Amino acid sequence: MRLPHTLSHAYLITGGNASSRADCARELAAAYLCTGERPPCGSCLPCRKVAAGIHPDVVYITPLEDKSEISVEQARSLRSDAYVRPNEGKRKVYIIDPAEAMNQAAQNALLKVLEEGPPYAAFLLLAGQPGMLLDTIHSRCEQVALPPQEGQRDPELEEKGVKLARLLLAGDELAAAENMAALEGEKLKGTQLAQLLGAAEEEAARALAQRPGRAAAVVRALKRCQENAVYNPGAGHVLGWLTATLFS
Ligand SMILES: [Zn+2]
């Protein structure tokens, strides 16, 4: 992962899966505490302590045993702990995982320290379901959206994407239109459509060497569709636009 030059005091880490979010949080925590030249160097003492999970200035907040929620009491004790200076590092890093386990009261209790906590305090909120967090939490954090993991890619969608690309490359308007009508009937969600179009783009890109003109046009159109697909405009709309662009 490439880290930004200056670190924000709060990040909301979403996407990926629970373990890739945890890895990302550990890397960021090491970057805050690293004493090497290019944080996180991975070899200085603080970096090694963070990696081993034994750095005293990295504090994990998770639901207590037998509980599914992070309680308001936990959020309040985080808040008062944040005003106690770090033990040995230059920062104190709080990793809240999963952040959506905070109930509404706990999220509210966290807001103030998130906005105006002491300068050495840093907060890493990990969320698989960021929609469960208050808008005010989102707005106080910088967003880190991790890419989907290999296993999260749906092979059926990928296959459909490859088929679509081949039809578009072949330039057979009728066959492509039939295929798109079938896809439209599947009521795909925005993220699914984006994945399908992504697979189609990869397939089209493979044809660039043999058929530069047509393949480039297909790649360009698919790229634009994906950018819009995440806003969920509906598969019919996106595919209609694809047809209009490539067969006019
Ligand atoms: Zn280091």
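**View 1. Packing of α9 against α10 in the predicted model.** In this predicted model, helices α9 and α10 pack at an angle of about 155 degrees, and their axes are 10 Å apart. That angle makes α9 roughly antiparallel to α10, since angles over 145 degrees are counted in that class. The crossing in which α9 passes α10 is right-handed. On the α9 side the contact is made by Ala217, Val218, Ala221, Cys225, Asn228 and Ala229, and on the α10 side by Val238, Trp241, Leu242, Thr245 and Leu246. Sorted by class, the residues of this contact comprise 9 nonpolar and 2 polar residues, with no charged residues.

**View 2. Helix α8 and the elements that cover its buried residues.** Helix α8 runs over residues 190-206 and has 17 residues; from its first C-alpha to its last it reaches 24 Å, which is close to the 24 Å expected at 1.5 Å a residue. The buried residues of this helix are Leu193, Ala194, Gln195, Leu196, Leu197, Gly198, Ala199, Ala200, Glu201, Glu203 and Ala204, a list that includes the glutamates Glu201 and Glu203 as well as Gln195. The cover over these buried residues of α8 includes α6 (155-170), α9 (212-229) and α10 (235-246).

View 3. Ala200 is found in helix α8, and it counts as buried because it has 29 C-beta neighbours inside 10 Å, where 20 or more are required. When its neighbours within four places in sequence are left aside, Ala200 is in contact with Gly161, Val162, Leu164, Ala165 and Leu222.

**View 4. The contact of α6 with α7.** The axes of α6 and helix α7 (residues 173-184) come within 9 Å and cross at roughly 155 degrees, and these two helices are therefore roughly antiparallel to each other. Their crossing is left-handed. The α6 residues of the contact are Lys160, Lys163, Leu164, Leu167 and Leu168, and those of α7 are Ala175, Ala176, Asn179 and Leu183. Divided by class, the residues of the contact of α6 with α7 are 6 nonpolar, 1 polar and 2 charged.

**View 5. The contact of α3 with α4.** Helix α3 (residues 72-81) and helix α4 (residues 104-116) have axes that come within 7 Å and cross at roughly 10 degrees. The two helices are therefore roughly parallel to each other, an assignment that applies because the angle falls under 35 degrees. In a right-handed crossing, α3 passes α4. From α3, the residues Val72, Gln74, Ala75, Arg76, Leu78 and Arg79 meet Ala105, Ala106, Ala109, Leu110 and Val113 in α4. The residues of this contact of α3 with α4 divide into 8 nonpolar, 1 polar and 2 charged.

**View 6. The cis peptide bond between Asp97 and Pro98.** Asp97 and Pro98 are joined by a cis peptide bond, for which omega is about -5 degrees. Pro98 is placed in the loop between β3 (92-96) and α4.

View 7. Although Asp66 is not a glycine, its phi is positive, at about 70 degrees. Asp66 lies in the loop between β2 (58-61) and α3, and it is exposed, with 5 other C-beta atoms within 10 Å. Lys187, likewise a residue other than glycine, has a positive phi near 50 degrees. The place of Lys187 is in the loop between α7 and α8, where it is exposed, with 10 other C-beta atoms within 10 Å.

How values were computed. Residues numbered from 1 in each chain as written. Predicted model: local features only at pLDDT ≥ 70, side-chain atom pairs only at ≥ 80, totals over all residues. Axes fitted to C-alpha atoms, helices over the stretch in contact; angles between N-to-C directions. Helix = DSSP H or I, 4+ residues; strand = E, 2+ residues; numbered from the N terminus. Parallel < 35°, antiparallel > 145°, perpendicular 65-115°, else oblique. Left-handed = near helix turned anticlockwise from the far one by under 90°. Contact = placed C-beta atoms within 7 Å. Nonpolar A, V, L, I, M, F, W, Y, C, P; charged D, E, K, R; others polar. Expected span 1.5 Å × (residues − 1). Buried ≥ 20, exposed ≤ 12 C-beta atoms within 10 Å, placed from the backbone.
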